[in-house]
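Hello,

Have a look at it first, and then read on for what turned up in it.

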Amino acid sequence: MNEDDAFERLKSLPPRGHHAFLGIYTVDKGPDWAELACPFASGFLMDADAGLVSSGPIISLVDAATGAAVIARTRQWRAMATLDLHINYLRPATAGRALHARARCHHVTRKVAFTCCDVHDGDPESPIATATASFFFTDES
């Protein structure tokens with residue numbers, strides 16, 4: 001592992017806080033993208049009888065994956081805040097299946113990074129949601 005590479009450092013950090021609670025982990029990465037996953041938990045169901053997964057874990061996973069994609073592209077640790085996060089739900093997530101979010105950072109300015117993300121629950125060809133997010137760098141760089 002290259003300790004100077006911000007994304008390599010991110011991957012080696014133990015999950016903390018909300019991400020640890022949800023069990024979010026890194027699946028794969030590229031020069032401008034990251035794929036994170038979240039194992040299914042029965043607490044994700046908003047209607048157990050119907051097997052409907054609530055939006056909360058999906059939103060959290062998208063936020064984490066898109067933020068990781070920014071670090072993958074910039075290879076820098078920069079303080080940033082989610083400026084905008086928009087999700088289009090295409091179908092319900094299937095109860096019992098892990099959620100996967102593959103995000104790509106497609107544009108970076110001095111103060112804002114722009115990302116897009118696809119979410120699926122086992123079949124990337126059958127997404128459950130698509131998303132866009134932007135992040136505001138709060139540091140002085």
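Leucine 99 counts as buried, because its relative accessibility is 2%, and buried here means under 20%. Please keep in mind as you read that this is a predicted model. Leucine 99 belongs to strand E6, which covers residues 99–108. Setting aside residues up to four places away in sequence, leucine 99 touches Leu36, Ala37, Cys38, Pro57, Ile58, Leu61, Ala93, His120, Asp121 and Ile128.

Alanine 98 sits in the loop between E5 and E6. With a relative accessible area of 24%, alanine 98 is partly exposed. Not counting residues up to four places away in sequence, alanine 98 touches Cys38, Pro39, Phe40, His120, Asp121 and Gly122.

**The chain as a whole**

Now a step back to the overall picture. The protein chain has three helices and eight strands. In sequence order they follow the pattern α-α-β-β-β-β-α-β-β-β-β. The radius of gyration is 15 Å, close to the 14 Å that the globule rule gives for 141 residues, so the protein chain is as compact as a globular protein of that length. Along its principal axes, the C-alpha trace spans about 50 × 30 × 25 Å.

How much of the chain is buried? Of the 141 residues, 40% count as buried. The accessible surface comes to about 7,400 Å², and 52% of that belongs to carbon and sulfur atoms. Among contacts in the protein chain with a separation of 6 or more, 63% are between residues 24 or more positions apart.

As for annotation, UniProt lists residues 51–126 as "domain: Thioesterase", in an unreviewed entry. In the model, this span is 26% helix and 41% strand, and its end C-alpha atoms lie 18 Å apart.

**Rings and charges**

Which residues form an aromatic pair? A search of the whole structure finds one such pair. It is made by phenylalanine 40 and phenylalanine 44: their ring centres are 6.3 Å apart and their planes are at 85 degrees, so the pair is edge-to-face. Phenylalanine 40 counts as partly exposed, at 26% relative accessibility, whereas phenylalanine 44 is buried, with a relative accessible area of 8%. Phenylalanine 40 is also one of the residues that alanine 98 touches.

Two arginines sit over aromatic rings. The charged end of arginine 78 is over the ring of phenylalanine 137, 3.8 Å from its centre. Arginine 102 lies over the face of tryptophan 33, at 3.6 Å from the ring centre.

Arginine 102 is partly exposed, with a relative accessible area of 40%. Leaving out residues up to four places away in sequence, arginine 102 touches Trp33, Ala34, Glu35, Cys116, Cys117 and Asp118. The C-alpha atoms of arginine 102 and aspartate 28 are separated by 8.7 Å, although the two residues are 74 apart along the chain.

**Around strand E5**

Where is arginine 75 found? Arginine 75 is in the loop between helix H3 (55–74) and strand E5 (80–89). Its phi is positive, at about 55 degrees, although arginine 75 is not a glycine. As background, most residues other than glycine have a negative phi. Arginine 75 is partly exposed, with a relative accessible area of 28%.

Alanine 81 is found in strand E5 itself. With a relative accessible area of 34%, alanine 81 is partly exposed. Apart from its neighbours within four places in sequence, alanine 81 is in contact with Ser134, Phe135, Phe136 and Thr138. The C-alpha atoms of alanine 81 and serine 134 are separated by 8.7 Å, and the residues are 53 apart along the chain.

Enjoy exploring it!

Best wishes

Note on methods:
Residues numbered from 1 in each chain as written. Predicted model: local features only at pLDDT ≥ 70, side-chain atom pairs only at ≥ 80, totals over all residues. Heavy atoms only, no water. UniProt positions renumbered as here; feature names shortened; annotations may be inferred. Helix = DSSP H or I, 4+ residues; strand = E, 2+ residues; numbered from the N terminus. Phe/Tyr/Trp six-rings, centres within 6.5 Å; stacked < 30°, edge-to-face > 60°. Buried < 20%, exposed > 50% of the residue type's maximum accessible area, 1.4 Å probe, protein only. Lys NZ or Arg CZ within 6 Å of the ring centre and 35° of its normal. Contact = heavy atoms within 4.5 Å. Rg over C-alpha atoms; globule rule 2.2 N^0.38 Å. Areas by Shrake-Rupley, 256 points an atom, 1.4 Å probe, with all protein chains shown as cover.
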